[in-house]
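The exercises below are meant to be worked through with the sequence and the three-dimensional view at hand. Try each task before reading its solution.

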Amino acid sequence: AFTTANCRESRDGCTEVEVLVKEQPEWLTVEQVLAALFGRLRTVVEYASEQELKAYQPIPDVVMSVPCYFTESQRLRLRQAASVVGVNVLATLNDATAAALDYAILGTG
């Protein structure tokens, strides 16, 4: 099921989304929401790699794929959100380019 979110424009012109934080409504910027998501994804990936390799493996650097219609401004905001949680984005690739590289390197699709 899909849910809707309340959005508004902040005083400085950024989009804010209303989210529940510890059951209390808060207004966060899109970058703050993305930073929380990236932080959680990093934790999950590091935990999974620890289970598979039997040793903690930090994930400091990533290559991120984005839709081809993302503007440079949107790509920059993603990079900034990732840097908030200590993830260094080495490059952003269009989704199609990332899929082609995956196929070329791993032979999977």
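A salt bridge is a side-chain nitrogen of Lys or Arg within 4 Å of a carboxyl oxygen of Asp or Glu. This is a predicted model, in which local features need pLDDT of at least 70 and side-chain atom pairs count only at pLDDT 80 or more, while totals for chains, interfaces and linings use all residues. Residues are numbered from 1 along each chain as its sequence is written, and side-chain values use heavy atoms, with hydrogens and water left out.

**Exercise 1.** Find the salt bridges of the whole structure and describe the residues that form them.

*Solution.* Step one is the count: a search of the whole structure finds three salt bridges.

Step two takes arginine 8, which forms a salt bridge with glutamate 16, the closest N and O atoms being 2.8 Å apart. To describe the surroundings we need the classes of exposure, where buried means under 20% relative accessible area, exposed over 50%, and partly exposed in between (1.4 Å probe, protein chains only). Arginine 8 has a relative accessible area of 39% and is therefore partly exposed, whereas glutamate 16, with 13%, is buried.

Step three turns to glutamate 31 and arginine 77, whose side chains meet in a salt bridge of 2.3 Å, N to O. Glutamate 31 lies in helix 1 (residues 30–53) and arginine 77 in helix 2 (residues 72–84), so the pair ties together parts that are 46 residues apart in sequence. Helices (H or I, at least four residues) and strands (E, at least two) are DSSP runs, numbered from the N terminus. Glutamate 31 is buried at 17% relative accessible area, while arginine 77, at 30%, counts as partly exposed.

Step four concerns arginine 42 and glutamate 46, which meet in a salt bridge of 3.1 Å, N to O. Both residues lie in helix 1, four residues apart, about one turn of the helix, and glutamate 46 is buried because its relative accessible area is 10%.

**Exercise 2.** How many disulfides does the structure hold?

*Solution.* The criterion is a pair of cysteine sulfur atoms within 2.5 Å, and the structure holds zero disulfides. Cysteine 14 illustrates this, as the nearest cysteine sulfur, that of cysteine 7, is 13 Å away. As for accessibility, cysteine 14 is partly exposed, with a relative accessible area of 23%, and cysteine 68 is exposed, with 62%.

**Exercise 3.** Determine how strand 4 and strand 5 are joined, and how the chain passes from one to the other.

*Solution.* Two strands pair if DSSP finds at least two bridges between them. Strand 4 (residues 61–66) and strand 5 (residues 88–94) run parallel and are joined by six bridges; methionine 64, for example, has threonine 92 in strand 5 as its bridge partner. Between these strands the chain passes through helix 2, and this β-α-β crossover is right-handed, a term for a path that, with the strands pointing away from the viewer, runs clockwise from the first strand over the helix to the second.

**Exercise 4.** Describe alanine 98 and leucine 106 in helix 3.

*Solution.* Alanine 98, which lies in helix 3, is partly exposed at 22% relative accessible area. Alanine 98 and valine 63 are 35 residues apart in sequence, and their C-alpha atoms are 9.2 Å apart in space. Leucine 106 also belongs to helix 3 (residues 95–106) and is exposed, with a relative accessible area of 58%.
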